[in-house]
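Hello,

Here is the structure for you to look over. My notes on it follow below.

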Amino acid sequence: MITLETLAGKAQGGTLYGIGVGPGDARYMTLRAAGLVASVDVIAYFCKRGMTGNARSIAAPLIDRGREEIRLEYPVTEEIPVCDPDYASQISAFYTDAAGRLAGLLRDGHSVGLLAEGDPFFYGSCMHMWRRLAADFPVEIVPGVTGMSGCWTKANVPITWGDDILTVLTGTLPEAELLARLRQTDAAVIMKVGRHLAKVRRAVEAAGLLERAVYIERGTMPDERIMPLSQCPADRGPYFSIVMIPGQGRAL
Ligand SMILES: C[S@@+](CC[C@H](N)C(=O)[O-])C[C@H]1O[C@@H](n2cnc3c(N)ncnc32)[C@H](O)[C@@H]1O
């Protein structure tokens, strides 16, 4: 009989683990992720100033009190537009400093688990640590169930049939570009909807896709909301909001 611990494996000293903790419901975490959250010496996570951190909240049921933790607080999030050179320089300096803090722990022989919501290699801040540290330290990235996968499952929306082409877009795109890309695809997922919700809805409607579009907030989390985009009156959504347009290919 294989035990859960044998299946999940334990953390090795001096290794950085980028741990994908899944879309929100802790039960969607992989065995490897859960095993590492339980066994790393130090839990690390990114967060907004004064906030708990999304990945930390998702993994909370598996983190005992008294565990060593390191908070990596973004100096800015939405205060400065991402296209502003000041944003790039502040965030880049922050990532370099964060990587230095993690490197210190790794050099001292500690195993560090950097939590990442969804999958670490899918729009994850964890990638900036991987880029800075993977040449000098052992790094293992543990894949996770992506937010979009959790969302289309909870919304009961099979996303691609047959040879449907799926396009992943971000709500940060200009409206005209969103529209152009929506016109060229069979199925779409629009990430980072948040304060771009009104623009996203206009683009989806202009592309003739409003009937099929589903809006999901905090998918798989306790306060999840799912509704047709056409029935969502708000002009902005929370950080965890996403729009899905399922394909209509070969449903045999
Ligand atoms: C910076 S990306 C991180 C994506 C993450 N690494 C993943 O694998 O899903 C954050 C965006 O993912 C989407 N997202 C992730 N999880 C979600 C969830 N549970 N419910 C709704 N949207 C989610 C939202 O659009 C959010 O703005």
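The buried residues of helix 5 (126-133) pack against strand 1 (16-20), strand 2 (42-47), helix 4 (85-107), strand 4 (112-116) and strand 5 (139-142). Contact here means heavy atoms within 4.5 Å. Helices (H or I, at least four residues) and strands (E, at least two) are DSSP runs, numbered from the N terminus. The buried residues in helix 5 are Cys 126, Met 129 and Leu 133. Buried means under 20% relative accessible area, exposed over 50%, partly exposed in between (1.4 Å probe, protein chains only). Down the axis of helix 5, its buried residues fall within an arc of 60°, so they line one face of the helix. The arc is taken from the directions from the helix axis to the C-beta atoms.

Two points on provenance. This is a predicted model: local features need pLDDT of at least 70, side-chain atom pairs count only at pLDDT 80 or more, and totals for chains, interfaces and linings use all residues. Residues are numbered from 1 along each chain as its sequence is written, and side-chain values use heavy atoms, with hydrogens and water left out.

Next, the ligand. Its shell holds 18 residues, and the closest are Asp 119, Phe 122, Gly 147, Lys 192 and Ser 241. A residue counts if one of its heavy atoms lies within 4 Å. By class, the shell has nine nonpolar, five polar and four charged residues. Ala, Val, Leu, Ile, Met, Phe, Trp, Tyr, Cys and Pro count as nonpolar, Asp, Glu, Lys and Arg as charged, and the others, Gly among them, as polar. Helix 6 (147-154) and strand 10 (241-245) each supply at least two shell residues.

A backbone N or O atom of Pro 23 lies 2.8 Å from a ligand nitrogen. A polar backbone atom of Glu 117 is 3.0 Å from a ligand nitrogen. For Tyr 239, a backbone N or O atom lies 2.9 Å from a ligand oxygen. The protein covers 96% of the 560 Å² of accessible area that the ligand has on its own. Accessible areas come from the Shrake-Rupley method with a 1.4 Å probe; for residues, only the protein chains shown count as cover.

Back to helix 6. Its buried residues are Met 148, Gly 150, Cys 151 and Trp 152. Their cover includes strand 6 (166-170), strand 7 (187-191), strand 8 (214-217) and strand 10. Asn 156 follows helix 6, with a positive phi near 60°.

Best regards

Note on methods:
A polar contact is a pair of N or O atoms within 3.5 Å; within protein, one must be able to donate a hydrogen and the other to accept it, and residues adjacent in sequence count only if both atoms are side-chain atoms.
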